[in-house]
Amino acid sequence: MSHTLEYQPRDAFIPFHQRTTRWAAMVCHRRAGKTVATIHDLVLRAMYTKKKNARYAYIGPFRQQAKEIAWTYLKEATEHIRKGAPRESDLRIALHNDATITLYGADNPDALRGLYFDGVILDEYGDCRPSLWGEVVLPCLMDRQGWAVFIGTMKGKNHFFQTLERAQSSPDWHYMALKGSESGILSDEDLRELRAQLTEAQYEQEIECNPNAAIMGTYYSDL
């Protein structure tokens, strides 16, 4: 039986899907489609892995948030390629090659300790605790040469910003910054409406991925 994944990526994410690096970091404007893109990338890599008993994970700041953001996308992406029904209580899906994809929350890091993963997405990484990567997730990837993708929106110069800086300067990483003014995903009308309704600091942070926007917001609130 042939199993295919129906997915037409947005042009902006094609370089991401074609990457060959083990690590990737992307900062994207709101409604760019980063979660959809990374979920489908996770599913594609799980489908074609040669590893036995492969495990993959999507990690959001909170388990409930991960469920609300990504669970529907994951079920839709695996509708014709999964093995059995989705396990709603575990937020886990098994594919026909016995690879599994599970949703987790960074609010319960103990649920990740002692596990192994062949690939991981860390969504809204700036909202996760800074120690999550080095103390919990990275060790889970080591013995099986697993890969990781960090995604989110800019929220000042936090640990996600530091990860982006490293990705931008290292050939071992795939890096992408997707600004609303450059991506072509949001219409000019939408951008005008966002600019009209958001403060300058909010617009710069949420739409233009400006790491200095949080400082701008503090400055204006002080005034």
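A residue counts as buried when its relative accessible area is under 20%. Cys 128, at 4% relative accessibility, is therefore buried. The model is predicted.

**Cysteines**
- The whole structure holds zero disulfides.
- A disulfide needs two cysteine sulfur atoms within 2.5 Å.
- The closest cysteine sulfur to that of Cys 28 belongs to Cys 209, and at 6.7 Å it is too far for a bond.
- Cys 128 is in no disulfide either, as its nearest cysteine sulfur, in Cys 140, is 14 Å away.
- Cys 28 is buried, with a relative accessible area of 1%.

**Helix H5**
- Helix H5 spans residues 159–169.
- Its buried residues are His 159, Phe 160, Phe 161, Thr 163, Leu 164 and Ala 167.
- An α-helix has 3.6 residues a turn, so residues three or four places apart point the same way.
- The cover over the buried residues of H5 includes strands E1 (23–28), E6 (147–152) and E7 (173–178).
- Asn 158 caps the N-terminal end of H5, with a side-chain oxygen 3.1 Å from the backbone nitrogen of Phe 160.

**Arg 92**
- Arg 92 sits in strand E3, residues 92–94.
- Arg 92 is partly exposed, at 25% relative accessible area.
- Beyond neighbours within four places in sequence, Arg 92 contacts Trp 71, Pro 86, Arg 87, Thr 100, Ile 101, Thr 102 and Tyr 104.
- The side chains of Arg 92 and Thr 102 make a polar contact at 2.8 Å.
- Tyr 104 is twelve residues from Arg 92 in sequence, and their C-alpha atoms are 9.4 Å apart.

Definitions and conventions
Residues are numbered from 1 along each chain as its sequence is written. This is a predicted model: local features need pLDDT of at least 70, side-chain atom pairs count only at pLDDT 80 or more; totals for chains, interfaces and linings use all residues. Side-chain values use heavy atoms; hydrogens and water are left out. Buried means under 20% relative accessible area, exposed over 50%, partly exposed in between (1.4 Å probe, protein chains only). Helices (H or I, at least four residues) and strands (E, at least two) are DSSP runs, numbered from the N terminus. Contact means heavy atoms within 4.5 Å. A polar contact is a pair of N or O atoms within 3.5 Å; within protein, one must be able to donate a hydrogen and the other to accept it, and residues adjacent in sequence count only if both atoms are side-chain atoms.
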